Amino acid sequence: MSHGINLRAVPYDHPDAVKLNDQVQLEYRERYDGEGDETFLDPAMFVPPRGLYLLAYDASGAPVASGGWRSQEKNDEGYSDGDAELKRMYVIPEARGLGLARRILAALEDDARAAGRTRMALETGDQQPEAIALYLSAGYTMSAKFGFYRFYDSSRCMAKPLR
């Protein structure tokens, strides 16, 4: 299936990560009338054991997918103690359908669980039906809204227990 693909932990500000992040922001802007994801993200948020950022590289060494998690605790944005928040799940169009998102998701869940996190939480949107379908098939359920976009109608929040 995804032959020759390897997952590598990198800093959030690694040049390859920045490149994919720029691409995902373009896609968000296309899908959501010119708005990217304005959630503030700092590279320090993804430093183990409080987080992890993964890139998938193809056999030629090109980055083709990304995903990360960061620790969250109970706060006024609606998170809960022990949360791991999924961020920047993205697969470049040419590499879709290979199961890469599912592979990255499983690796991030395993890592967050090993770090003692109790719930994986994520926010996506109503213009990303394929993302919603993936998460539902991986055991996520709709949850109360949290995060930067919690007051947006288009926002969809999902969560899955890690224990």
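R113 is partly exposed, with a relative accessible area of 35%. Buried stands for under 20% relative accessible area and exposed for over 50%, with partly exposed in between (1.4 Å probe, protein chains only). The model is predicted: local features need pLDDT of at least 70 and side-chain atom pairs count only at pLDDT 80 or more, while totals for chains, interfaces and linings use all residues. Residues are numbered from 1 along each chain as its sequence is written, and side-chain values use heavy atoms, with hydrogens and water left out.

R113 forms a salt bridge with D110, where the closest N and O atoms are 3.0 Å apart. The term refers to a side-chain nitrogen of Lys or Arg within 4 Å of a carboxyl oxygen of Asp or Glu. Both residues belong to helix 2 and are three residues apart, about one turn of the helix. Helices (H or I, at least four residues) and strands (E, at least two) are DSSP runs, numbered from the N terminus. D110 is partly exposed, at a relative accessible area of 47%.

In total, the structure holds 11 salt bridges. One of them pairs R96 with E27, with 2.8 Å between the closest N and O atoms. This pair links distant parts of the chain, 69 residues apart: R96 is in the loop between strand 4 and helix 2, and E27 is in helix 1. R96 has 36% relative accessibility and therefore counts as partly exposed, whereas E27 is buried at 16%.

E130 forms a salt bridge with R31, again with the closest N and O atoms 2.8 Å apart. Here E130 in helix 3 and R31 in helix 1 are 99 residues apart, so this pair also links distant parts of the chain. Both partners are partly exposed: E130 has a relative accessibility of 47%, and R31 has a relative accessible area of 25%.

## The largest pocket

The largest pocket holds about 870 Å³ of space. Its lining has 34 residues, of which Y28, M89, T124, Q128 and A131 lie nearest the centre. Two or more lining residues come from each of helix 1 (15-31), strand 4 (83-91), helix 2 (100-114), strand 5 (119-125) and helix 3 (129-137). Strand 4 gives the largest share, six residues. By class, the lining has 16 nonpolar, eight polar and 10 charged residues.

Pockets and cavities are found on a 1 Å grid over the protein atoms alone: in a cavity a 1.4 Å probe fits but cannot get out, while a pocket is an open set of points with protein on both sides within 12 Å along at least five of seven lines, and lining residues have an atom within 4 Å of a point. Grid points are joined across faces, edges and corners, and a volume is the space filled by probe spheres set on the points. Ala, Val, Leu, Ile, Met, Phe, Trp, Tyr, Cys and Pro count as nonpolar, Asp, Glu, Lys and Arg as charged, and the others, Gly among them, as polar.

## The cavity and the surface patch

A search of the whole structure finds one cavity of 30 Å³ or more. The largest cavity contains about 40 Å³ of space. T39, Y79, E85, K87, E123, F146, G147, F148 and Y149 line the largest cavity, and these residues divide into four nonpolar, two polar and three charged.

F148 also belongs to a nonpolar surface patch with F151 and Y152, with about 340 Å² of accessible area together. Patch residues have over 30% relative accessible area and no salt bridge; like charges are joined within 9 Å, and nonpolar side chains (Val, Leu, Ile, Met, Phe, Trp, Tyr) within 5 Å. Accessible areas come from the Shrake-Rupley method with a 1.4 Å probe, and for residues only the protein chains shown count as cover. F148 is in the loop between strand 6 (141-142) and strand 7 (155-161). Its relative accessible area of 36% makes F148 partly exposed.

## Backbone geometry

Most residues other than glycine have a negative phi, and most peptide bonds are trans. P48 and P49 are joined by a cis peptide bond, with omega about 5°. P49 is located in the loop between helix 1 and strand 2 (51-57).

D33 is not a glycine, yet has a positive phi of about 50°. D33 is in the loop between helix 1 and strand 2 and is exposed, with a relative accessible area of 76%. R88, also not a glycine, has a positive phi of about 55°. R88 is in strand 4 and is buried, at a relative accessible area of 5%.
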